[in-house]
Amino acid sequence: MAKSTSTFVCQDCGSVHPKWAGKCEACGAWNTLVEEIVEAAAPKGMKPGGGRRLAFVELDGETTDAPRRVTGIGEFDRVLGGGLVPGSATLIGGDPGIGKSTVLLQVVAGLAGRSKCAYVSGEESVDQVRMRARRLGIASASVGLAAATSVRDIVASLDTTDRPDIIVIDSIQTMYVDALDSAPGTVTQVRASAQELIRVAKKRGVAVLLVGHVTKEGAIAGPRVLEHMVDTVLYFEGERGHQFRILRGVKNRFGPTDEIGVFEMTERGLVEVGNPSALFLSDRQDDVSGACVFAGMEGTRPVLVEIQALVAPSPFGTPRRAVVGWDSNRLAMVTAVLEARCGVSLAGNDVFLNVAGGLRVSEPAADLAVAAALISSLTGVPVPKASVVFGEIGLAAEVRAVTHAEPRLKEAAKLGFSKALLPAARRKGGGPSAGGLELVAISRLHDLVELLHDPGDDAQFGRRAFSG
Ligand code: TYD
Ligand code: MG
């Protein structure tokens with residue numbers, strides 16, 4: 001009989017420790033180590049010989065493009081890279097209650113009729129899922145529904161001839177392999193269940209969609225180990241208070257990874273948002289200081305969002321820096337450049353930065369927009385009316401060119417903007433660009449400070465008065 005030993009597995013990062021400890025040495029999380037029993041298989045060395053020689057082929061040869069199953073939900077298909085690939089495994093992660101079950105039920109309902117779909121829920125009863133389907137108005141779709149948690153049963157259903165083409169497992173944390181002693185939801189179980197499901201899915205050409213819940217740190221609980229087992233990883237993001245939901249591809253073996261899909265959560269489920277910029281800018285107020293519109297890119301699509309800053313004298317010795325929707329290290333860099341190179345002192349001020357609408361911006365091209373919002377908040381001078389801003393800031397306060405300037409400008413023109421503050425490096429000839437926007441070239445951050453300073457107020461930049 002194989003000897004069983006116990007190990008301690010971190011439920012956040014999946015690293016294995018021989019002894020219990022309060023803190024995981026690998027990821028630094030506290031109280032995440034859980035004892036798991038492993039059946040230690042006797043290690044087998046490889047005996048020499050016995051292998052089969054590989055038949056190497058040329059890099060260039062006949063291939064068949066993976067045929068995709070289009071879900072009909074445009075934003076979902078976009079993130080996948082044009083539909084579901086048969087035999088692929090997709091992980092959909094997100095906070096509990098963000099809408100993973102809802103979107104996947106809508107996806108299988110959209111595919112029903114053209115493909116044979118099944119939905120296995122380990123979290124909700126059949127009645128609960130039926131009720132949801134009725135509320136979403138998709139109850140008539142031909143989707144096989146089951147409430148189950150045993151991987152053995154699911155595998156048996158996939159190994160038959162009338163198996164589904166597409167199966168949703170909601171969620172992987174509720175599934176268990178009966179050969180293991182660990183409880184469902186532990187790293188060992190999650191990993192084994194996923195491995196087993198992915199194995200049959202690949203063998204039988206079934207597209208499997210796995211739901212994975214996320215811890216508050218942002219990693220899929222336990223199964224960060226899952227990320228490399230699956231072909232595609234999608235994250236469902238959004239602020240609880242906002243109705244927008246963003247589906248972001250972070251790994252995709254069959255398509256691009258930087259695409260986002262934008263949805264709105266309504267009482268009839270998730271509705272696609274065809275023009276996210278219009279939605280993100282819908283509550284914007286004109287002519288207030290501390291706000292500016294960033295012309296960003298998400299994948300191949302331009303997305304305009306409002307960046308808001310509030311700079312206010314701090315009552316504390318250590319001023320606060322709070323960021324929502326952007327990288328706080330990037331903010332620290334922009335404020336440092338403003339301080340050191342442009343004589344704009346933010347020390348002694350609390351700085352709050354917010355990307356309105358719940359979108360997470362990760363592009364360096366947002367630097368210039370962030371700087372504009374900060375300076376504008378400090379001086380009280382609004383950013384020029386109806387203008388968009390983009391550009392990357394370097395440590396020497398130079399404003400660097402960014403990619404995709406043309407689609408950014410086109411989108412801005414389409415939404416009624418008439419001016420763009422952009423890196424000088426891209427401006428060719430100084431004439432109006434596509435869409436007829438007036439272009440204001442910013443070559444150094446000083447130009448922006450000059451543009452947004454209040455000529456009547458000498459003390460506006462703190463310690464040192466700004467001198468042109
Ligand atoms: P759900 O899909 O159950 O989230 P997850 O599977 O990610 O845990 O989404 C549940 C939330 O969505 C819940 O807070 C209610 C809301 N919701 C709506 O607003 N409208 C709807 O039509 C549905 C089905 C859910
Ligand atoms: Mg759910």
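Student: Where is Glu-298 found?
Tutor: Glu-298 is in strand β13, residues 291–298. Strands (E, at least two residues) and helices (H or I, at least four) are DSSP runs, numbered from the N terminus. One caution: this is a predicted model, where local features need pLDDT of at least 70, side-chain atom pairs count only at pLDDT 80 or more, and totals for chains, interfaces and linings use all residues. Residues are numbered from 1 along each chain as its sequence is written, chains are lettered from A and ligands numbered from 1 in the order in which they are written, and side-chain values use heavy atoms, with hydrogens and water left out.

Student: Is Glu-298 buried or exposed?
Tutor: Glu-298 counts as buried because its relative accessibility is 9%. Buried means under 20% relative accessible area, exposed over 50%, and partly exposed in between (1.4 Å probe, protein chains only).

Student: What does the side chain of Glu-298 make a polar contact with?
Tutor: The side chain of Arg-248, at 3.3 Å. A polar contact is a pair of N or O atoms within 3.5 Å; within protein, one must be able to donate a hydrogen and the other to accept it, and residues adjacent in sequence count only if both atoms are side-chain atoms.

Student: Which residues is Glu-298 in contact with, leaving aside neighbours within four places in sequence?
Tutor: They include Arg-248, Asp-258, Val-303 and Leu-359. Contact means heavy atoms within 4.5 Å.

Student: New topic: which residues are closest to ligand 1?
Tutor: Gly-97, Lys-100, Ser-101, Thr-102 and Thr-266 are the closest of the 16 residues that surround ligand 1. To be near, a residue needs a heavy atom within 4 Å of the molecule or strand in question.

Student: Which N or O atom distances can you give for ligand 1?
Tutor: An oxygen atom of ligand 1 is 2.5 Å from an N or O atom in the side chain of Thr-102. An oxygen of ligand 1 also lies 2.8 Å from a polar backbone atom of Lys-100.

Student: How much of ligand 1 does the protein bury?
Tutor: Taken alone, ligand 1 exposes 560 Å², and the protein buries 75% of that. Accessible areas come from the Shrake-Rupley method with a 1.4 Å probe; for residues, only the protein chains shown count as cover.

Student: Which elements give two or more residues to the shell around ligand 1?
Tutor: These are α2 (100–111), α3 (126–136) and β11 (260–266).

Student: What about the core? Which residues touch the most other members of the largest nonpolar core?
Tutor: Leu-445 and Leu-448, in a core of 66 residues. Helix α9 (residues 367–379) gives the largest share of this core, nine residues. A nonpolar core is a set of buried Ala, Val, Leu, Ile, Met, Phe, Trp, Tyr and Cys residues joined through side-chain atoms within 4.5 Å.

Student: What does Leu-448 touch, not counting residues up to four places away in sequence?
Tutor: Leu-368, Ala-371, Ala-372, Ile-375, Leu-421 and Ile-442. Apart from this core lies another, of 30 residues, among them Phe-76 and Leu-104.

Student: Now the whole protein. How many helices and strands?
Tutor: The protein has 11 helices and 21 strands. Its C-alpha trace spans about 85 × 55 × 50 Å along the principal axes, and buried residues make up 49% of its 468 residues.
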